Amino acid sequence: MEIRWDILLAIMGASVVTLLPRVLPLVLLSRMQLPEWTMHWLNYVPVAVMAALIAQELFTTDGKVHILQHYIEILAAIPTFTTAILTRSLLGTVVVGILSLMVLRFVL
Amino acid sequence: MSENVQLNQQEIEVKEDSLLQGIRDCIPTLLGYLSIGFAAGVVGKTSGLSVLEITLMSTLIYAGSAQFIMAGLIAAHGSAAAIILTVFIVNLRHLLLSAAMSPYFRHLSACKTMFVGALLTDETFGVAMNKAMNRSSLSEKWMHGLNITAYLNWIIATIAGAFFGKWITDPEKYGLDFALTAMFIGLLVLQMISRKIIRRDLIVAVCAVLIVLGAGSFVSGSVAVIAATIVAAAIGMVVEKWK
């Protein structure tokens, strides 16, 4: 059970560069009146970032597209999306997603 | 009678904004980050980090993809400068998330907003933006409930991974690796359904998917996500103006 100095240094530095992008926009922008177009633009950020993250998880390995490698995940995404649309339950969606993947891996 | 109704309304609002409600609203995301955190602990351990170092990492950095990459770089004996720069780029997308959340925290002091932002993640952002629908502000207490629950869950999960990782070698067998993807799918769908501008949101989502997949061949995955978010959100804005 030890902490090495070089690792500690890396962790400290990494925590600072992680903290700043998290905190600065919230602190600064919440005190400013933003121009109208920025608000409209920011309004689409949640949908854009979630869609991008899903695509990356579903279709890529190390940033590169590998559809064949991911066909089970892509198939499992169908019942997952369906559950989300029909039940509007986040927990239900996660549970169905995990079960779908488990069943598909077992069957295929 | 109408006074009673008004009181009830107020009570509901207070309950909706409470710390406890924030904790409750975090529950659906716990499984996803539990499995990813566990995996991060396992990977950290196998790349030669001590349990204490892994705990410190989760407590101070608290970011999934960054911690995976850091473990990889440490295993490859990367320099501290290279590690810090990589983590910076990987976590730069938080700038966009933090900016998108800022309009909902105008009522807080700078110091209080800082604490809200310090524990910002993709998941808490997704949950908060769903909550923010049809509202002009978010409650600080509710946000703390959400944030702290997710934070503790992450720390516990990585420590567990570091301790027990050697016995559970294949979490993929149980489909747990899909929990995170499923959670993002749920967050996206809930968001789109409640926003009621489905056509425009679909355009934005499809653009984001195409851009992130296309850009992935040229830049790292984390830069691709940032590019996709910036451009796809701009497309949404332009389409909206056009109408």
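How many residues of chain A are in contact with how many residues of chain B? Contact here means heavy atoms within 4.5 Å, and by that rule 72 residues of chain A touch 100 residues of chain B. Before we go further, a word on what you are looking at: this is a predicted model, in which local features need pLDDT of at least 70 and side-chain atom pairs count only at pLDDT 80 or more, while totals for chains, interfaces and linings use all residues. Residues are numbered from 1 along each chain as its sequence is written, chains are lettered from A and ligands numbered from 1 in the order in which they are written, and side-chain values use heavy atoms, with hydrogens and water left out.

Let us stay with the two chains. The size of an interface is often given as the accessible area lost when the parts come together. Buried area is the accessible area (1.4 Å probe) that two parts lose on being put together, summed over both. For chain A and chain B it is about 7400 Å², and carbon and sulfur atoms give 75% of it.

Now to the polar side of this interface. The count between chain A and chain B is 19 residue pairs in polar contact, with both residues at pLDDT 80 or more. A polar contact is a pair of N or O atoms within 3.5 Å; within protein, one must be able to donate a hydrogen and the other to accept it, and residues adjacent in sequence count only if both atoms are side-chain atoms.

Which elements of chain A give two or more residues to the side that touches chain B? They are α1 (5-29), α2 (36-42), α3 (45-59), β2 (64-65), α4 (71-87) and α5 (90-107) of chain A. Helices (H or I, at least four residues) and strands (E, at least two) are DSSP runs, numbered from the N terminus. The largest share, 20 residues, comes from α1(A). The residues on this side of chain A divide into 48 nonpolar, 14 polar and 10 charged. In this sorting, Ala, Val, Leu, Ile, Met, Phe, Trp, Tyr, Cys and Pro count as nonpolar, Asp, Glu, Lys and Arg as charged, and the others, Gly among them, as polar.

Salt bridges come next: a side-chain nitrogen of Lys or Arg within 4 Å of a carboxyl oxygen of Asp or Glu. The structure holds 8 of them over all chains, and the count between chain A and chain B is 1. There, the side chains of Arg4(A) and Glu53(B) meet at 2.7 Å, N to O. This pair runs from the segment before α1 of chain A, where Arg4(A) sits, to helix α3 (residues 51-60) of chain B, which holds Glu53(B).

Each chain also has its own divisions, with bounds that come from an automatic or database domain assignment. Chain A is divided into domain 1 (1-32) and domain 2 (34-107), and their C-alpha centres lie 28 Å apart. In chain B, the assignment gives domain 1 (19-195) and domain 2 (197-242), with 22 Å between the C-alpha centres. The contact between these two domains of chain B takes 8 residues from domain 1 and 10 residues from domain 2.

The area buried between domain 1 and domain 2 of chain B is about 830 Å². Leu96(B), Met192(B) and Arg195(B) supply 63% of the area that domain 1 of chain B buries there, more than any other three residues. Across this interface there is 1 salt bridge, and Arg195(B) and Asp201(B) meet in a salt bridge at 2.7 Å, N to O. On the domain 1 side, α5 (80-90) and α10 (179-195) of chain B each give two or more residues, and α10(B) gives the most, with 3 residues.
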